[in-house]
Amino acid sequence: MSTCPPYAPFFGFAGVASAMVLSTVGAAFGTTKAGIGISGLGTFKPELIMKSLIPVVMSGIIAVYGLVVSVLIAGNLSPRVDYPLFAGFVHLGAGLACGFTGLAAGYAIGFVGDSCVRAYVYESKVFVTMVLILIFAEVLGLYGLIVALIMNTKATGLRC
């Protein structure tokens, strides 16, 4: 059996798709959930809206992590050059690592952003706590990005 079957690039492209789709779904959920909290806050104290946009910005960064991994994996894919099955599985794993951690980070940012922004209406001391918790939630996506980058370097340069 050949180590470079014709279906091997499918797994690499599945990694590209999963990194982009899953991290973007996480970012969209985080933006939606935090946006609902911000709109609730805006009815009581509109002057706090700009400071409360931090969860939305941090959710957007999660989608950028998926974009970076997708572009890097896609840069290693070429249908004209031999592409080993091992590289396809490594790229799939890298995409899934980035995608699922982006999904988890987006969910965490959404729930924390919604809850803390609503609490910020009543107590301004919540702001610093909100930022710290959001940073910890964002780091989940960053861990996935780092793992995906390490995995991508392991598959770079492999040929049949």
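Helix α4 covers residues 126-155 of this predicted model. At 1.5 Å a residue, its 30 residues should span 44 Å. The end C-alpha atoms are 44 Å apart, so expectation and model agree. The buried residues of α4 are V126, F127, M130, L134, A137, E138, G141, G144, L145, A148, N152 and A155. Their spacing can be read against a general rule. An α-helix has 3.6 residues a turn, so residues three or four places apart point the same way. The buried residues of α4 pack against α2 (54-76) and α3. After α4 comes G157, whose phi is positive, near 85°.

Helix α3 spans residues 85-120 and contains H91. H91 counts as buried because its relative accessibility is 1%, and the cut-off for buried is under 20%. The side chain of H91 makes a polar contact with the side chain of N152, at 3.0 Å. Leaving aside residues up to four places away in sequence, H91 touches G12, G15, I73, N76, L77, Y83, N152 and A155.

Aromatic rings were examined next. The structure holds 6 aromatic pairs. One of them joins F10 and F11 edge-to-face, with 5.5 Å centre to centre and 75° between the planes. F10 is exposed, because its relative accessible area of 57% is over 50%. F11 also pairs with F89; the ring centres are 4.6 Å apart and the planes stand at 50°, so this pair is tilted. The F11 and F89 pair links distant parts of the chain. F11 sits in helix α1 (residues 8-44), F89 sits in helix α3, and 78 residues separate them. F89 counts as partly exposed, at 43% relative accessibility. Ring pairs link Y7, F10, F11 and F89 into a cluster.

The UniProt record, an unreviewed entry, places transmembrane regions at residues 7-29, 49-73, 85-107 and 127-151. In the model, residues 85-107 are 100% helix and 0% strand, with end C-alpha atoms 33 Å apart. Residues 49-73 are 80% helix and 0% strand, and their end C-alpha atoms are 38 Å apart. The unreviewed entry also places the feature "domain: V-ATPase proteolipid subunit C-like" at residues 15-73 and 92-151. Over residues 15-73 the chain is 85% helix, and the end C-alpha atoms are 8 Å apart. Over residues 92-151 the chain is 92% helix, with the end C-alpha atoms 10 Å apart.

Terms used. Residues numbered from 1 in each chain as written. Predicted model: local features only at pLDDT ≥ 70, side-chain atom pairs only at ≥ 80, totals over all residues. Heavy atoms only, no water. UniProt positions renumbered as here; feature names shortened; annotations may be inferred. Helix = DSSP H or I, 4+ residues; strand = E, 2+ residues; numbered from the N terminus. Buried < 20%, exposed > 50% of the residue type's maximum accessible area, 1.4 Å probe, protein only. Polar contact = N/O pair within 3.5 Å; in protein donor to acceptor, adjacent residues only side chain to side chain. Contact = heavy atoms within 4.5 Å. Expected span 1.5 Å × (residues − 1). Phe/Tyr/Trp six-rings, centres within 6.5 Å; stacked < 30°, edge-to-face > 60°.
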